Amino acid sequence: MKNDNEKGVPGPDIYGLSAAELTDVSLEAGLPSYRGRQAFEWVQRRAAADWAEMKNISRADREKLAGRLTLEPPVLLQVKVSKDGTRKFLFKLADGEKIESVLMDYRRDGSRDRATVCLSVQVGCPIGCPFCATGRMGFRRDLTAGEIVGQLLAVTAYARRADAGFRATNLVFMGMGEPFYNMDSFLRAARILNSERGQNIGARRMTVSTAGVVPGILRLAAEAPQMGLAVSLHAGTDELRDVIVPLNRKYPLAVLMEACREYVRRAGRRLTFEIAMTKESATAAQARALAVLLRGIPAHINLIPVNPVPGSGAERPAAERAAAFQRALTERGLAVTVREEKGVDIEAACGQLRQEFNNF
């Protein structure tokens, strides 16, 4: 790995490097191998955002590492706090682009059972689902692995100001963007955050959501079968899904379901299917179609009342219709729950993330 900083070119992003890669950087800088491991632990485990925080590394050694690496955390522009305790973070990246991340703290009565962070993988999204705020803003660019990891570390650093013992227990790659269109960076970030020397978040505590990118589903089964997979299905017929998930025109339901069956065979795990309930999708006809479509696939269905997105035109079904839709699915032998809504009032819920809020 060349010392690009000596030529005025930013070095590799430390957030996107593994402990082994940082060991190599340390050796190339003429330092002991353990210096790289120390730097990894400072950044990944302790969420250090500045070289000066690394107290057990001498100033001279820090300067050598800083000459070869970039340590530039995302800039926290704003935090919104929901009445339910959910927090939404607006970050500015090095090139000025902005992304959002969400912390959903499920801890009750002082227990530390679950704190979930929702991470973005792209600036915007290329899928273009009409009920999704991210899709409506269009696609800007992919995030690097370091930018994905940097979100979690910045959220952790923020949370530790009030709770020194805070650590995220679960990750969901369900923020801005389609993870399987940025597969290399997403998988690298997940492996770094899984590292025992870092956040040490188990793969089974990570879930990735896709709009139905078939090659990505098969690659996940081959390379990271322990991770949870959620497929944003939203409809049981091609006719409706072509409209609300434009990707369906490339990977229609027959192709998508075969990939899902193959995922189950390879990974040995059940899937989650997400259904955004609208007036058009929460019908008896759609319940019948979904029951046929999902027959024989070990799966759980998450029903998500569509969230308010200005200009989308999507409307939630009446409570009676939503209940009847859930009942129709359950009566056909499907495992169904209605997702607990978190952060709707601050536009932090499913489909509500975009690039900016307030005056930024």
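This is a predicted model: local features need pLDDT of at least 70, side-chain atom pairs count only at pLDDT 80 or more; totals for chains, interfaces and linings use all residues.
Biologist: How many strands does the open sheet have, and in what order do they lie?

Modeller: Strands of a sheet pair through backbone hydrogen bonds, either parallel or antiparallel. Here the open sheet has 10 strands in the order S1-S2-S3-S4-S7-S8-S9-S10-S11-S12, and the pairing is mixed. Its edges are strand S1 (75-81) and strand S12 (335-338), each of which pairs on one side only, while neighbouring strands are turned by 20° against each other on average, direction ignored.

Biologist: Which way do S1 and S2 run, and how many bridges join them?

Modeller: S1 and strand S2 (residues 87-92) run antiparallel and are joined by six bridges; in one of the pairings, Val-79 has Phe-89 in S2 as its bridge partner.

Biologist: Which residues of the largest nonpolar core touch the most other members?

Modeller: In this core of 107 residues they are Phe-173, Leu-220, Leu-233, Leu-271 and Phe-273. Leu-271, leaving out residues up to four places away in sequence, touches residues including Val-231, Tyr-263, Ile-297 and His-300. Another core, of five residues, lies apart from the largest one and includes Val-102, Tyr-106, Cys-118 and Val-172.

Biologist: Is Gln-199 buried or exposed, and where is Gln-199 found?

Modeller: Gln-199 is found in the loop between helix H6 (183-194) and strand S8 (206-210). Its relative accessible area is 3%, so Gln-199 counts as buried, the cut-off being under 20%.

Biologist: What lies 2.7 Å from a polar atom of the Gln-199 side chain?

Modeller: That is the backbone oxygen of Gln-44. Beyond its neighbours within four places in sequence, Gln-199 is in contact with Gln-44 and with others, among them Arg-45, Leu-152, Thr-156, Arg-160 and Arg-167.

Definitions and conventions
Residues are numbered from 1 along each chain as its sequence is written. Side-chain values use heavy atoms; hydrogens and water are left out. Two strands pair if DSSP finds at least two bridges between them. Helices (H or I, at least four residues) and strands (E, at least two) are DSSP runs, numbered from the N terminus. Axes are lines fitted to C-alpha atoms, for helices over the stretch in contact, and angles run from 0 to 180 degrees between N-to-C directions. A nonpolar core is a set of buried Ala, Val, Leu, Ile, Met, Phe, Trp, Tyr and Cys residues joined through side-chain atoms within 4.5 Å. Buried means under 20% relative accessible area, exposed over 50%, partly exposed in between (1.4 Å probe, protein chains only). Contact means heavy atoms within 4.5 Å. A polar contact is a pair of N or O atoms within 3.5 Å; within protein, one must be able to donate a hydrogen and the other to accept it, and residues adjacent in sequence count only if both atoms are side-chain atoms.
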